[in-house]
Amino acid sequence: MSPDAKKIGVFGGTFDPPHVGHLALAEAALAQLGLDEVVFLPNNRNPLKQSHAPAAGRHRLEMVRLMIAGEPKFAVSDIDVTRRGPSYALDTMQDFTEVRPAEYWWLMGSDALRTFHEWRQPMRLLRLCRLGVALRPPTTVEQLEARVHPDILAKTDFISMPPNTVSSTEIRDRLSKGQTTLGTVARVVLEYVERHKLYRRTNA
Ligand code: ATP
């Protein structure tokens, strides 16, 4: 890769809904990995996470779009939502590296790193990108170093950020009970949620 190659972080997730924890991770990755851009990538279906039926892909895409509007270094990709079926990072990264050669990091919280070995062909994926991993309480670097395979750790850059326990699960739960989201969701996103009647108890 040439020294002038762009550095891009690809931030996959369900974003159901997107929240300040996602923004904080993307901002910390930009600064600490010296990225030129972070591309948010709402998945169509996470093959490892079948706990709930998420809001439609078009809603999650639009909520991310609204959350990052006006941030020149943030973008959103519809590649996974439009591909349909389960979303595999390997497929996506193959498309990205083919269409737009650059130096890539796959961004994630530490909870996702713990199950990274279950992803489709993880070592093949790590030939296309490094991992940018932000600590998410209660996980610590020591725990990860003890549990994650050294070959994966060798391709991992840790990102530090103020511990932030916000999660989409908690936000959906609060919204379904008509409770406030206490500054964890951008106003424009909340307006979208309201307008499209997402996360009401009857939709849960
Ligand atoms: P859910 O509660 O529905 O499981 P989530 O809040 O974990 O959702 P996802 O869209 O599944 O959000 O997460 C996308 C990525 O963002 C994952 O890699 C996850 O680890 C990371 N992430 C989410 N919230 C935080 C947070 N508060 N701090 C650091 N990383 C986070």
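Visitor: Which element gives the largest share of the lining of the largest pocket?

Guide: First, the terms. On a 1 Å grid over the protein atoms alone, a pocket is an open set of points where a 1.4 Å probe fits, with protein on both sides within 12 Å along at least five of seven lines, and lining residues have an atom within 4 Å of a point. Strands (E, at least two residues) and helices (H or I, at least four) are DSSP runs numbered from the N terminus. Here β4 gives the largest share, four residues. This is a predicted model, where local features need pLDDT of at least 70, side-chain atom pairs count only at pLDDT 80 or more, and totals for chains, interfaces and linings use all residues. Residues are numbered from 1 along each chain as its sequence is written, and side-chain values use heavy atoms, with hydrogens and water left out.

Visitor: What sits in the largest pocket?

Guide: A molecule sits in a pocket if more than half of its atoms lie within 2 Å of its grid points. In this model, the ligand does. β1 (7-13), α1 (20-33), β4 (103-109), α5 (110-113) and α9 (168-176) each give two or more residues to the shell around the ligand.

Visitor: Which residues come nearest to the ligand?

Guide: "Near" asks for a heavy atom within 4 Å. Of the 22 residues around the ligand, the nearest are F15, K49, D111, S168 and T169.

Visitor: Where should I look for a cis peptide bond?

Guide: Most peptide bonds are trans, and most residues other than glycine have a negative phi. Go to D16 and P17, joined by a cis bond with omega about 0 degrees. P17 is in the loop between β1 and α1.
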